[in-house]
Structure formats: C-alpha cells, structure tokens
Amino acid sequence: MVFRQPEDPIVRSIVGMIRGKQLDRRQLLRGVAVGAAGLGALGLSACSGGGGGGGGDGVIWGNWTYYLDFDDATGSYPTLDAFVEQAGYDVQYVEDIDDNNTFYGKIKDQLQLGDYTGYDTITMTDWMNGRLITANQVQEFDYENLPNVTANLVDAQWDALDVDPGRKFSVPWQLPASGWVWNTEAVPKGIKTLDDFLAPDLKGKVVVLSEMRDTVGMILAGLGHDPAGDWGDTEFDAAMAWLDDALQSGQIGNVKGNSYTQDLITGDAWAAMAWSGDVIMLNAENDNQWTLEIPESGGMIASDSFTVPNGTTPEAKARVEEMIDYYYDPEVMAQVADYVTFVPPVKGTQEAMQQVNPENADNPLIFPTEQDWEHLRPFRTLTAEEDKQYSTQFQNVLGL
C-alpha cells in the first residue's frame, strides 16, 4: 500500500488549503477544532447512474482516498465532472480502497468466480494487480480506445510491471515514489548512503515505513541489490538483518504508516524513508524544513493502475477506456497532479502544469529529473509463496 491521507472529510478540506499554502500551523490546528463540529461526510461525484456490470449505463470507479482533484468550495471533482458532461454518462467515484489486501478481500470471491465485483474499474497497486493478472481475473484493454495512453504513457512504465509487459491489462493512474528525507537543519550533511541512517547522532531519530515493498526495497538497493531484479532469500535475509540490527539497537526509533509525518513534524524523527507526496505538503506547512532525494543506490517507484475486473460488461469496459484516455490528456492530468502531488504517468504533464500551477511545474517530487528516473526502481512481483514468506519475516522483525 502507498500513503493515503487520513480518511476524514475535515482533513480533506485542510489538506487542500495546505496545498494552496493558505494556512500556517496555528491556523491549521484551529481549523481542525472548528471543522470537527461543522463538516459532514462527503458524497460521490456524479453518482446517479449504476455501473455497466450492475445493469446500469455508467461507470463505477473504485479508488483510494484523496486520489483525485477535489474542489473544497463546491464539494466536487472538477476533472471528473468535466468528463461526465463531455461523455454523457455518469461515473460513480467511490473511495473504497484503503489497503490492497483489505480491498482484495472484499472482492476476491467475485474475482475467483468471474462475477461482477461491483466496480467497473479499480486502481490497486501493481504488486496486487500482478496477482490479478497472473490469475486471469482482469480483462485486456483495447488500445484502439486508448490513443492518448499509446501516445503519452511515460516510457519507463510500459514494462514496469513484470507480469504485464506492454500494459495489456493495467494502465497506470499515479506513480507514488519513495526516497530518503531529512530535517535540513538537524542533518546538514543529508542522507546519501544507507549507512548514513546509522550515524550515532541520529540514534532514535530515524523512522522507516511499515510498507514492506518501500522499506525493504530501499534497503535492498542500499545493499547493492536491484529490487526489480533477480534477488531471493539470501538478499532478503540480508535486508532483514540490517533492519533488525537497526531496530534492536534503537537506531530506528519508529516504523510507521501514514503517521510517520507526525514524527518529522514533532522532531521525534530527523530522517526517514518517506513518500514524496508527503514532503510537498510538509514543506508547504512547515517552511521547507525537509529535503527529500531519490538515493543514488535506488528509490522506489510504484504504480496504482487501472484494471477492469472480469464481470464488467464489454459496454462498461469501453466506457472505462474512454475515461482512462481522457485522463491521459496532459492538461487534464496536470489538474490531477497539482492536487494529489504524486508522480503523474502522462507525458506532457509538466509542460501543462505551467498553466495550472507554475510553482509545481519544476517540483522534482512531482516531476523527477532524468537522473532521478535512472535511480527509481519498482519492486519485482512476488509469487504468492514469496509474498507470504517475506511478509511474515518482515512483520516478525517489526515485532508485530
């Protein structure tokens, strides 16, 4: 799983204001106190029509929370509303994915039977998509309906999912990247190698991510192994030994999911393995206190990608493909990227961002440099047996 902001409608409004740099920390905290009493739950966008697999003539799209441009003033999704008006059918946008495994558990029975899942398209993370593709549980895209994808998908993503070369069954939605972050004042020399996390003055001030593929991937890379390559038990055991030693010695003070950002804000952590989109918001809120770099040894790049589960009708699948192709227009994707602040998969988005928000057009956390791209690695697809084995080892080292 990749980072998702807290699942609270109050926070959505606050996050939007942070991104616009309209609040300082004191105003932010006051906004939480006021907003908690006054804001209700958010509804769905353009949700009057059912999905094709359910007998309707629209689309049902299951996605992660806070993963589409949202207008706080109107309570709407501008790019999606524009598509609905253009396409002439409804899209029910459902923020139902909060964890890959949990969401898979909700639909696995339907997937195994080839029945309609309740969603015409979903955007899980590629390691989970790889499992669905291997099990023949999703449909092949018709690229005759995807001219923008053909023209604009960034080159590095065509073969990024090792079990889906050419992206026949998956089309990237966003590309969360992870790297190394540090408090610029507290760690003036920065974090340049994996062993820099072990500096004596950082003891107890390091936090790493509870997402195995990000933390273990960066440790593997730091130890000289390609996370996307042909590694196995020996290399994984070495990564676990490094992590276990750092935890047992107290060098790593915390292993966290979404809440690791609070350790950076409070000063409980000075250095971390982190998700790039978070650092943009942290710096906007806290006077650019942190530096994030993609390490030369290798940072991680994942993809949350569209798939069309078996059970979605051919008519609904064609509508899904029309919607995907709409989002592969760089001008549309620039609006999305400005809000979600992850790496977009669409060529030309950086140039289009000049019109949407010039401040973000040269932000390397949204638009990695060519050098950064050379150091970003996907985590190879694990077999079901490997996934169980490595996940158990990782949890055991964390003491969970």
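This is a predicted model: local features need pLDDT of at least 70, side-chain atom pairs count only at pLDDT 80 or more; totals for chains, interfaces and linings use all residues.
Two pairings involve β8, and they differ in sense. Strand β5 (residues 177-183) pairs with β8 in the antiparallel sense over five bridges, and Trp182 stands opposite Ala271 of β8. Strand β6 (residues 206-209), by contrast, pairs with β8 in the parallel sense over two bridges, where Val207 has Ala272 as its bridge partner in β8.

## The three-stranded sheet

An open sheet of three strands is arranged in the order β2-β1-β3, and its pairing is parallel. Strands β2 and β3 (121-122) form the edges, since each pairs on one side only. Between β1 and β2 the parallel pairing extends over five bridges, and Trp64 has Ile97 of β2 as its bridge partner. Such pairing rests on a general principle, namely that strands of a sheet pair through backbone hydrogen bonds, either parallel or antiparallel.

## Helices on the sheet

Helix α4 (residues 100-113) packs on this sheet and touches β1, β2 and β3, its direction making about 120° with that of β2. Helix α11 likewise lies across β1, β2 and β3, running at about 50° to β1.

Which residues of helix α3 (residues 78-87) are buried? They are Thr79, Leu80, Phe83 and Val84, and because they cover an arc of only 140° around the axis, they lie on the same side of α3. The spacing of such a set can be read against helix geometry in general: an α-helix has 3.6 residues a turn, so residues three or four places apart point the same way. On the face of α3 turned away from the buried side are the exposed residues Glu85 and Gln86.

The buried residues of α3 pack against two strands, β1 (59-64) and β2 (91-97), and against two helices, α11 (314-327) and α12 (330-340). Of these elements, β1 and β2 belong to the open sheet described above, and α11 is the helix that lies across β1, β2 and β3. Just after α3, Gly88 takes a positive phi of about 85°.

Definitions and conventions. Residues are numbered from 1 along each chain as its sequence is written. Side-chain values use heavy atoms; hydrogens and water are left out. Buried means under 20% relative accessible area, exposed over 50%, partly exposed in between (1.4 Å probe, protein chains only). Helices (H or I, at least four residues) and strands (E, at least two) are DSSP runs, numbered from the N terminus. The arc is that of the directions from the helix axis to the C-beta atoms. Contact means heavy atoms within 4.5 Å. Two strands pair if DSSP finds at least two bridges between them. Axes are lines fitted to C-alpha atoms, for helices over the stretch in contact, and angles run from 0 to 180 degrees between N-to-C directions.
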